[in-house]
Amino acid sequence: MGMSVTISAAAEQDAEQILKLQFLCYQSEAELYGDYSIEPLTQPLDSLKAELTDGTVLVARLGDEVVASVRGSVGADGTARIDKLIVHPRMQRHGLGGRLLDAIESRLAADAGAKSFQLFTGHRSDRNLRLYRKHGYEPVATERVDERLSLVTLAKDVQASAFVASA
């Protein structure tokens, strides 16, 4: 009998599992851009624990194992910033990233009054860009970080989120 994946708020005891999963998931991004010093690979545990306290962090569990996670927070202007959407490599391409994205959007809109959503990814991260576009995000800015990396910022408003989720 197979287990189903459940999505819930992360707890402080999830911090180590999230950090290990983050390290695993960002290896492919580091390889893609030739930079293993990116923040998701160097983030200390204390910093992640602070994010658990200060923002909204969701996890997807398969049994007791954290197999995916996403973070978000809402600024004073009502813009929700979604960050570090990660899915274990063996769980990718099954819709879990999209489910987690929908869940964090719903949570940030309902609990924190988000009026719009914003996230970013690297310009060569085609799978990420496809996922975000599929969920209604549109590119709004591109910032060149260095010769290897440009960050693409994507955004959508809450109404677009409700429309996409119901489609």
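## Contacts and overall dimensions

Among contacts (heavy atoms within 4.5 Å) with a separation of 6 or more in the protein chain, 63% are between residues 24 or more positions apart. The model is predicted, with local features requiring pLDDT of at least 70 and side-chain atom pairs counting only at pLDDT 80 or more, whereas totals for chains, interfaces and linings use all residues. Residues are numbered from 1 along each chain as its sequence is written, and side-chain values use heavy atoms, leaving out hydrogens and water.

The radius of gyration, taken over C-alpha atoms, is 15 Å for the protein chain, which agrees with the value near 15 Å that a compact globule of 167 residues would have; that rule is 2.2 Å times the number of residues to the power 0.38. Buried residues (under 20% relative accessible area, with a 1.4 Å probe and protein chains only) make up 42% of the 167 residues.

The protein chain holds 7 helices and 7 strands, where helices (H or I, at least four residues) and strands (E, at least two) are DSSP runs numbered from the N terminus. Strand β4, residues 79–87, has 7 of its 9 residues buried, so it is largely enclosed by the rest of the structure.

Strands pair if DSSP finds at least two bridges between them. Strand β3 (residues 65–74) runs antiparallel to β4 and is joined to it by 6 bridges, while 3 bridges join β4 to β5 (residues 116–122) in a parallel arrangement. Arg-81 in β4 is the bridge partner of Ser-73, and Arg-81 also stands opposite Gln-118 in β5. In the hairpin of β3 and β4, with 4 residues between the strands, Gly-78 takes a positive phi near 90°.

Definitions and conventions. Buried < 20%, exposed > 50% of the residue type's maximum accessible area, 1.4 Å probe, protein only.
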